[in-house]
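Please keep the sequence and the three-dimensional view at hand while reading.

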Amino acid sequence: MQNYTSVTEFTLLGIPNTQGLENMLFVLFLAFYLFTLLGNLLIFLTILVSSNLHTPMYFFLGNLSVFDIFFPSVSSPKMMLYLMGQSRTISYQGCACQLFFYHFLGGTECFLYTVMAYDRFVAICHPLRYTIIMSPRVCTGLTLGTWLGGCLHGSILTFLVFKLPYCGPNEVDNFFCDIPVVLPLACADTSLAQTVSFTNVDVVTLTCFFLILTSYGHIVLSILKIRTSAGRRRAFATCSAHLISIFLFYGPVMLIYLGPASSPWLDSVIQLLNNIVTPSLNPLIYTLRNKDVKLTLRKSPLNYLYKE
């Protein structure tokens, strides 16, 4: 057996081909990050204090807002610190935490979007039974299930990646720790861990996406049966914001984990879209395309934030 020294920290190489642009990128990402935090916090507080929004649809939207506060916080603070010129190193434990929370929250969002699609399916296809099927107890159980499922998903992936020994190179070719860039650094056979981890991600992603497509397939068929054009437009309007968010989330995920291997620069750009840009767009999507939220924001004491 060959002796080796365990790695105690990793070096984040950052976004490729961006030398000399650190200050501009820092200002840009800081603006996105602050807008994400304030926008999603505003939506969450509006849903929390407005009794007319205490429905299953907005209960799940509130959970999505909490997710969109936490998710960019996994990688953005560390990335902005090294853009300011501070150390690019991250401890072994910090790297493991980044990977765990990234996939914990990512898995949770997959499950949450699936639950939100089911909620719209029940609301449009079974409107008379909606309040019975989507009772507070059921909504709470589904939400707890999404967070617990995401935690299990993240725990499995983190165990598979960090049970391997790391003794050689410690340079992570990205701006945060993720499976495709950390696993190649292990000084052991990674074939089993790579197969199981990517299969896990693929199964979760594709299963959730298939269930969402199934729900919306039934929704479209039900909407087409509505006789009035105004009724069809109203039904489509309740689903449009959710569909936009789904495509913004699943597009980058499928390119990263299901698509063919690409350049490190392109992978970093796709990760930035998924980690920073998409969470900042959800507040705009759910306010600009939702009359209930816009009306509540105008009446709320928090409306000055919305106007700004």
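Setting aside residues up to four places away in sequence, C208 touches C110, F111, T114 and Y250. The structure is a predicted model.

- C208 belongs to helix α8, which covers residues 191-224.
- With a relative accessible area of 4%, C208 is buried, because buried means under 20%.
- Between the C-alpha atoms of C208 and A237 there is a separation of 22 Å, and the two residues are 29 positions apart along the chain.
- S65 is part of helix α2, residues 56-70.
- The relative accessible area of S65 is 2%, so this residue also counts as buried.
- When neighbours within four places in sequence are left aside, the contacts of S65 are N40, I43 and F44.

**The sheet and the helix across it**

- Three strands form an open sheet in the order β2-β1-β3, and their pairing is mixed.
- At the edges are β2 (89-91) and β3 (171-172), each of which pairs on one side only.
- Strand β1, residues 9-12, pairs with β3 in the parallel sense over two bridges.
- L12 has V172 of β3 as its bridge partner.
- Helix α4, residues 92-125, lies across β1 and β2 and runs at about 85° to β2.

**The largest nonpolar core**

- The largest nonpolar core has 84 residues, and those touching the most other members are F10, F29, M79, F162 and Y166.
- Helix α4 gives the most to this core, contributing 18 residues.
- Apart from its neighbours within four places in sequence, F29 is in contact with I15, M79, M80, L83, L272 and I276.

**Aromatic pairs**

- Across the whole structure, a search finds 18 aromatic pairs.
- In the pair formed by F104 and W147, the ring centres are 6.0 Å apart and the planes meet at 70°, so the arrangement is edge-to-face.
- This pair links distant parts of the chain, since F104 is in helix α4 and W147 is in helix α6 (residues 136-162), 43 residues apart.
- F104 has a relative accessible area of 13% and is therefore buried.
- W147 is buried as well, because its relative accessible area of 19% is under the 20% limit.
- Ring pairs also join F67, F71, Y102, F175 and F176 into a cluster.

**Regions annotated in UniProt**

- The unreviewed UniProt entry places the feature "transmembrane region" at residues 25-49, 55-74, 138-162, 203-224 and 236-257.
- Over residues 138-162, the model is 100% helix and 0% strand, with the end C-alpha atoms 36 Å apart.
- Over residues 203-224, the model is likewise 100% helix and 0% strand, and here the end C-alpha atoms are 31 Å apart.

Note on methods:
Residues are numbered from 1 along each chain as its sequence is written. This is a predicted model: local features need pLDDT of at least 70, side-chain atom pairs count only at pLDDT 80 or more; totals for chains, interfaces and linings use all residues. Side-chain values use heavy atoms; hydrogens and water are left out. Two strands pair if DSSP finds at least two bridges between them. Helices (H or I, at least four residues) and strands (E, at least two) are DSSP runs, numbered from the N terminus. Contact means heavy atoms within 4.5 Å. Axes are lines fitted to C-alpha atoms, for helices over the stretch in contact, and angles run from 0 to 180 degrees between N-to-C directions. A nonpolar core is a set of buried Ala, Val, Leu, Ile, Met, Phe, Trp, Tyr and Cys residues joined through side-chain atoms within 4.5 Å. Buried means under 20% relative accessible area, exposed over 50%, partly exposed in between (1.4 Å probe, protein chains only). Rings of Phe, Tyr and Trp (its six-membered ring) pair if their centres lie within 6.5 Å; planes under 30 degrees apart count as stacked, over 60 as edge-to-face and the rest as tilted. UniProt positions are given in the numbering used here, feature names are shortened, and annotations may be inferred rather than shown by experiment.
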